[in-house]
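Subject: Structure handover

Hello,

Here is the structure I promised to pass on. Please open it first, then read my notes below.

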Amino acid sequence: MTSYVENETDTVFPFTVKKLADKVMKAVLDKEGCPYESQINLLLTDNVGIRAYNAQFRGMDRETDVLSFPNADFIQPSDFANLENKAADYFDPESGELILGDIIISVDKVKEQAQSFGHSVKREFAFLVAHSMLHLCGYDHEEPEDAAIMEAKQEEVLHSLGITREETDK
């Protein structure tokens with residue numbers, strides 16, 4: 001797996017962003033049975049930045065915590081079987097890696113939500129990465145039953161990594 005991480009803010013977290021992001025990304029891909037080496041881009045921005053991206057790409061002029069831009073069109077979530085049929089669209093011709101997509105996270109929202117939910121910024125950041133990775137794998141949460149599936153998968157991944165709600169930054 002290859003991840004590219006860019007931080008357009010001055011925010012420094014009490015953990016190594018790339019190391020934690022890679023750990024969560026890999027756990028999601030393993031859990032979802034991804035048979036390919038993959039590429040994921042992660043951009044960290046602030047509330048102003050994510051609001052601009054949300055307005056530009058989704059037509060929603062408001063802040064959000066995370067944006068996910070899947071590159072692959074899954075027939076069913078995590079059904080990787082048909083992706084080779086569109087190899088030119090989904091795979092990097094140089095590395096052969098599946099270009100899974102892009103994630104944009106608001107560092108302001110990470111801190112706000114961690115405080116609001118009473119857990120660590122590490123846990124909130126990991127949660128948002130896991131959540132977004134599931135979107136990149138074709139999941140959504142438009143319907144209550146789909147939301148329940150995503151929530152269970154997110155918690156499973158975080159639990160398997162020992163990242164719990166009880167964890168604090170202290």
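Leu134 is buried, at 2% relative accessible area. Buried means under 20% relative accessible area, exposed means over 50%, and partly exposed is in between (1.4 Å probe, protein chains only). Leu134 lies in helix 5. Helices (H or I, at least four residues) and strands (E, at least two) are DSSP runs, numbered from the N terminus. The C-alpha atoms of Leu134 and Ile103 are separated by 11 Å, and the two residues are 31 apart along the chain.

A word on the source: this is a predicted model, where local features need pLDDT of at least 70, side-chain atom pairs count only at pLDDT 80 or more, and totals for chains, interfaces and linings use all residues. Residues are numbered from 1 along each chain as its sequence is written, and side-chain values use heavy atoms, with hydrogens and water left out.

Now the core. The largest nonpolar core has 45 residues. Such a core is a set of buried Ala, Val, Leu, Ile, Met, Phe, Trp, Tyr and Cys residues joined through side-chain atoms within 4.5 Å. Those with the most contacts inside the largest core are Leu98, Leu100, Ile103, Ile105, Phe125 and Met133. At least two residues of this core come from each of helix 1 (17-31), strand 2 (38-45), strand 4 (98-106), helix 4 (107-117), helix 5 and helix 6. Helix 5 gives the largest share of this core, ten residues.

Ile105 sits in strand 4. Ile105 is buried, because its relative accessibility is 0%. Its C-alpha atom is 8.4 Å from that of Thr64, which is 41 residues away along the chain.

**Salt bridges**

How many salt bridges does a search of the whole structure find? Eight. A salt bridge is a side-chain nitrogen of Lys or Arg within 4 Å of a carboxyl oxygen of Asp or Glu. Side chains of opposite charge can pair when their charged atoms come close. Here are some of the pairs.

- Lys26 and Asp30: the closest N and O atoms are 2.8 Å apart. Both residues are in helix 1, and they are separated by about one helical turn because they are four residues apart. Lys26 is partly exposed, at 46% relative accessibility.
- Glu156 and Lys31: the side chains meet at 2.8 Å, N to O. This pair links distant parts of the chain, with Glu156 in helix 6 and Lys31 in helix 1, 125 residues apart. Both ends are partly exposed: Glu156 has 44% relative accessibility, and Lys31 has a relative accessible area of 37%.
- Glu155 and Arg123: the closest N and O atoms are 2.6 Å apart. Glu155 is in helix 6 and Arg123 in helix 5, so the pair ties together parts that are 32 residues apart in sequence. Glu155 is partly exposed, at 30%, whereas Arg123 is buried, at 1%.

There is also a network. Glu63, Lys109 and Glu112 are joined by salt bridges that share partners.

Tyr4 lies in strand 1 (residues 2-7). Is Tyr4 buried or partly exposed? Tyr4 is partly exposed, with a relative accessible area of 44%. Tyr4 and Leu43 are 39 residues apart in sequence and 8.2 Å apart in space, C-alpha to C-alpha.

Gln39 belongs to strand 2. Gln39 is buried, at 10% relative accessibility.

**A positive phi**

Most residues other than glycine have a negative phi. Ser78 has a positive one, near 55°. Ser78 lies in the loop between strand 3 (66-70) and helix 3 (87-90). Ser78 is buried, with a relative accessible area of 13%.

**One loop to look at**

Glu143 is in the loop between helix 5 (121-136) and helix 6 (144-160). Glu143 is partly exposed, at 42% relative accessible area.

Best wishes
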